[in-house]
Amino acid sequence: MNNFRSEVQLNDLIIADPYYSRTLNIHRFSKHPDVSKLTNLVWKQCIGEPEATALKKGGVKPKATRRQQLEILLLNLFEAWDRDPELSIAVDMNNTAWTASSRYNWFGLSRAAPKLVHSLHDGGFIAFAAGSYSGPRASTNRTTRIRAAESLCRLFRQVKFGQQHILIHPKKESVVMRGLEKSQRNLEYVDTPDSVKMRAELERYNWLLQRTFIDIPDLEQPWIDRPIEEGPRTGQMARLAIGGFDHHVVRIFNRNDWRCGGRFFGGWWQNCGSELRQRIHINDQPTVEVDYRALHVAILAAKHGVQLESDPYVLEDGLIKDMDPAKQRKLVKSLVLMALNASSRNKACSAFRNDAPTGSQEKSMKNAELFKVLDAFVEKHPFLRDDICADRGIYLMNIDSIMANMLIRAFTRIEIPALCVHDSFIINYAYAKRLKAGMKASALRVLGQFVEMSHNIRGLDEVRELTPDREDDYLEVRHIPRSPGYLGRQRRFQERLELLDSLVL
């Protein structure tokens, strides 16, 4: 094995910000011929022996060969490098994390994968930041990070494939079961008729998303920088990837129980603020976002046969000293949602303070002050007395996921992408009325009553119906200039569509 460390500078092998990363996607593949050439070249430099002799005599042949596993690692490294050279890949180096027979491991990567990571590092092809562990659920815990070093970047610059040629296998598991809510470990489970149906629906939805261009027109680079407001890196900037081609959504259940959780996760649009989401375009068309107002409180109200008549989070002015009504409402909403998820008032208050920005008034509030808010909320809504601080959140998420699934399934059938943000949905602005009708129908079917909705802006179809003489003004307001970076991503997406049309797995 050749060692290339002499060819690179020391800082090329250092990852400056290991927290700026994305998780290794073990379901990447590509049929581009240059991918095979690249893998063969790196294999020769790092491993130096044929695949057959690399296997131990008498050992169990892995589902994926070591060469195939190296190819998946290289595709991940390339995709991250092509998006942003500073972006690293998070890799679990613990052998227990690699179970070739797992339902979450379609290609069957094995314990050979961590060894291949070490081989790439020993060969000078990747920068490497070892993982750290400070104790159960410690905020500083993280897995190992890797990114392409200059030796590998030179090879990347010579290849003729791009992100548009790297796909996600459609059989990647989309129905996920976990244990405790805070655990990130996926559990194996036995399929049920419901899970089989969910998986089939998600496969159709993800296929539609794979064929949908979702991006923000005025972004030159496919990322945004935003400040971190909590945790050990408070005050630092974090980079959030925007756009991309891999829109794979999963439903995650918790506590090893199909009645807990079940929300949709995976879209980058879930991780950006509402102001940025207003600029999202779907297939180069503006969008609207419509949300259920106070959904979890509304679900509980329906359970008790109560119809909410007003905003449940608005309490008497001056309840919190020196806080204006708008800020007080925001605080009430945050605290109540924490209380619905907590099993005690003390835990709700601790979670509220942990989530509050450093230096804020909320961060320093005492339990007695927060208890006063909870008491005022229950006094206004006495039917919720037994639901506050009673661990209801995980079950409420299951109900809102059922409502979301109904809506997503309906729109997927007519090939209209609806992007889920848990209790809100983003859709092409020409379908705002249809979205609201679907959300109303889902609430009526699941809860037996209507739930108030709000939206960030009227849809094109609503403007055409209500104020047709203002359509030109509306179109001008909604227009966003297209940056060169956006137009380039759009061209590559069209190439990817042609590839998907010709793909036979």
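## Packing and pairing in a predicted model

Asn-341 is found in helix 9, which spans residues 325-341. The model is predicted. Because its relative accessibility is 35%, Asn-341 counts as partly exposed. Its side chain reaches the backbone oxygen of Leu-337 at 2.8 Å. Leaving aside residues up to four places away in sequence, Asn-341 touches Asp-391, Gly-393, Ile-394 and Met-397. The C-alpha atoms of Asn-341 and Arg-392 lie 5.7 Å apart, although 51 residues separate the two in sequence.

Helix 12 covers residues 393-413 and packs on a sheet, where it touches strand 12 and strand 13. That sheet is open and has four strands in the order 8-7-12-13, with mixed pairing. Its edge strands are strand 8 (186-187) and strand 13 (257-265), each of which pairs on one side only. Strand 12 (residues 250-254) runs antiparallel to strand 13, and five bridges join them. Within this pair, Ile-252 stands opposite Arg-263 of strand 13. Helix 6 also packs on the sheet, touching strand 7 (175-178), strand 12 and strand 13.

| Helix | Residues | Strand used for the angle | Angle |
|---|---|---|---|
| Helix 6 | 193-210 | strand 7 | about 130° |
| Helix 12 | 393-413 | strand 13 | about 55° |

A further strand pair is formed by strand 4 and strand 5 (residues 144-148), which are antiparallel and share four bridges. Ala-127 stands opposite Arg-147 in strand 5. Which residues of strand 4 point one way, and which the other? Ile-126 and Phe-128 point one way from strand 4 (residues 126-129), Ala-127 and Ala-129 point the other way, and all are buried.

Two packed helices are described by the angle between their axes and the distance between the axes. For helix 10 (residues 345-355) and helix 11 (residues 367-380), the angle is about 110° and the axes are 10 Å apart. Helix 10 and helix 11 are therefore roughly perpendicular to each other, since angles of 65 to 115 degrees fall in that class. Helix 10 contributes Arg-345, Asn-346, Cys-349, Phe-352 and Arg-353 to the contact, and helix 11 contributes Asn-367, Leu-370, Phe-371, Leu-374 and Asp-375. By class, the contact of helix 10 with helix 11 holds five nonpolar, two polar and three charged residues.

How values were computed: Residues numbered from 1 in each chain as written. Predicted model: local features only at pLDDT ≥ 70, side-chain atom pairs only at ≥ 80, totals over all residues. Heavy atoms only, no water. Axes fitted to C-alpha atoms, helices over the stretch in contact; angles between N-to-C directions. Helix = DSSP H or I, 4+ residues; strand = E, 2+ residues; numbered from the N terminus. Parallel < 35°, antiparallel > 145°, perpendicular 65-115°, else oblique. Contact = heavy atoms within 4.5 Å. Nonpolar A, V, L, I, M, F, W, Y, C, P; charged D, E, K, R; others polar. Buried < 20%, exposed > 50% of the residue type's maximum accessible area, 1.4 Å probe, protein only. Polar contact = N/O pair within 3.5 Å; in protein donor to acceptor, adjacent residues only side chain to side chain. Pairing = 2+ DSSP bridges.
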